[in-house]
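Reader: Please take me through the labels used for this model. I would like each value set against its cut-off.

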Amino acid sequence: MTHAPVRDRDVHHHGHELPASGSALSAVALSATLHCLTGCALGEIVGMIIATATGMSNVASIGLAILLAFVFGYTLTSIPLLRAGLAFAAVAPIALASDTFSIGLMEIVDNAIILFIPGAIDAGLGDILFWGSLSFSLAIAGVAAFPLNRWLIARGRGHAAVHRTGIHGGPSPRLVGAIALAGGVFGAVVVIAEAVG
């Protein structure tokens, strides 16, 4: 489905009414959280692959993963807006307003968990602990970011900036939610098995 080009000055006229409370607000917040989680996961995985392949230190690999989480998150927000005809100058502040706090919180939680799980920071791409701890930490980071996103959207901030445009894109929230749930369960099993074993 294609959207008609949207002029910068028309953004607020074509947007959807933002929910202020209840299940409608929770649904928008969940969608926003899953969107940011997608960017975080892609950035973390690509960052860790690059860091492992190039032999980066743990600190450098964490820094690269965080940087790429923001890059992927902002890109996932920007592409549908750019395709709809918005100028980059209009898209950049929307992406920054939409994703910065959510991705920031996810990255803090995700990396804190990785540092807390014994051996996770040193696990390589071929280790099940790497994938398990990453899956577990991202799922917990998503859970932590949901109330923040809900609070921001209720106040017309955060993902509300994208919602107001009426332009949505990216992977299906149901698909991302199912993958996040499966990843969280897989990660919890791996982390528990490593702790017990």
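This is a predicted model: local features need pLDDT of at least 70, side-chain atom pairs count only at pLDDT 80 or more; totals for chains, interfaces and linings use all residues.

Reader: How many aromatic pairs does a search of the whole structure find?

Author: The search gives 2 aromatic pairs.

Reader: What makes the rings of phenylalanine 70 and tyrosine 74 a pair, and why is it called tilted?

Author: The ring centres are 5.9 Å apart. The cut-off for a pair is 6.5 Å, so the two rings qualify. The planes stand at 45°. Stacked needs under 30 degrees and edge-to-face needs over 60, so this pair is tilted. Both residues sit in helix H3 (residues 58-83), 4 residues apart, which is about one turn of the helix. Phenylalanine 70 and tyrosine 74 are both buried.

Reader: And why is the pair of phenylalanine 130 and tryptophan 131 called edge-to-face?

Author: The planes of these two rings are at 90°.

Reader: Are phenylalanine 130 and tryptophan 131 buried or partly exposed?

Author: Phenylalanine 130 has a relative accessible area of 6%. Buried means under 20%, so phenylalanine 130 is buried. Tryptophan 131 has 30%. That value falls between 20% and 50%, so tryptophan 131 is partly exposed.

Reader: What describes the packing of two helices?

Author: The angle between their axes and the distance between the axes describe it. For H4 (residues 88-116) and H5 (residues 128-154), the axes come within 8 Å and cross at roughly 145°. This crossing is right-handed. The contact residues divide into 15 nonpolar, 5 polar and 1 charged.

Reader: At what angle do H2 and H5 pack?

Author: Helix H2 (residues 22-54) packs with H5 at about 145°, and the axes are 7 Å apart. The crossing of H2 and H5 is right-handed. Its contact residues are 18 nonpolar, 5 polar and 2 charged.

Reader: Why does cysteine 36 count as buried?

Author: Its relative accessibility is 1%. The cut-off is under 20%, so cysteine 36 is buried. Cysteine 36 lies in H2. Setting aside residues up to four places away in sequence, cysteine 36 touches Asp99, Ser102, Ile103 and Met106.

Reader: What is the relative accessible area of glycine 142, and which residues does glycine 142 contact?

Author: Glycine 142 has 7%. That is under 20%, so glycine 142 is buried. Glycine 142 is found in H5. Beyond its neighbours within four places in sequence, glycine 142 contacts Thr33, Leu37 and Met106. Its C-alpha atom is 9.0 Å from that of leucine 105, 37 residues apart along the chain.

Reader: How do you know that glycine 177 is partly exposed?

Author: Its relative accessible area is 24%. Buried would need under 20% and exposed over 50%, so glycine 177 is partly exposed. Glycine 177 belongs to helix H7 (residues 173-196). Along the chain, glycine 177 and threonine 38 are 139 residues apart, and their C-alpha atoms are separated by 9.6 Å.

How values were computed:
Residues are numbered from 1 along each chain as its sequence is written. Side-chain values use heavy atoms; hydrogens and water are left out. Rings of Phe, Tyr and Trp (its six-membered ring) pair if their centres lie within 6.5 Å; planes under 30 degrees apart count as stacked, over 60 as edge-to-face and the rest as tilted. Helices (H or I, at least four residues) and strands (E, at least two) are DSSP runs, numbered from the N terminus. Buried means under 20% relative accessible area, exposed over 50%, partly exposed in between (1.4 Å probe, protein chains only). Axes are lines fitted to C-alpha atoms, for helices over the stretch in contact, and angles run from 0 to 180 degrees between N-to-C directions. A crossing is left-handed if the near helix is turned anticlockwise from the far one by less than a right angle, and right-handed if clockwise. Ala, Val, Leu, Ile, Met, Phe, Trp, Tyr, Cys and Pro count as nonpolar, Asp, Glu, Lys and Arg as charged, and the others, Gly among them, as polar. Contact means heavy atoms within 4.5 Å.
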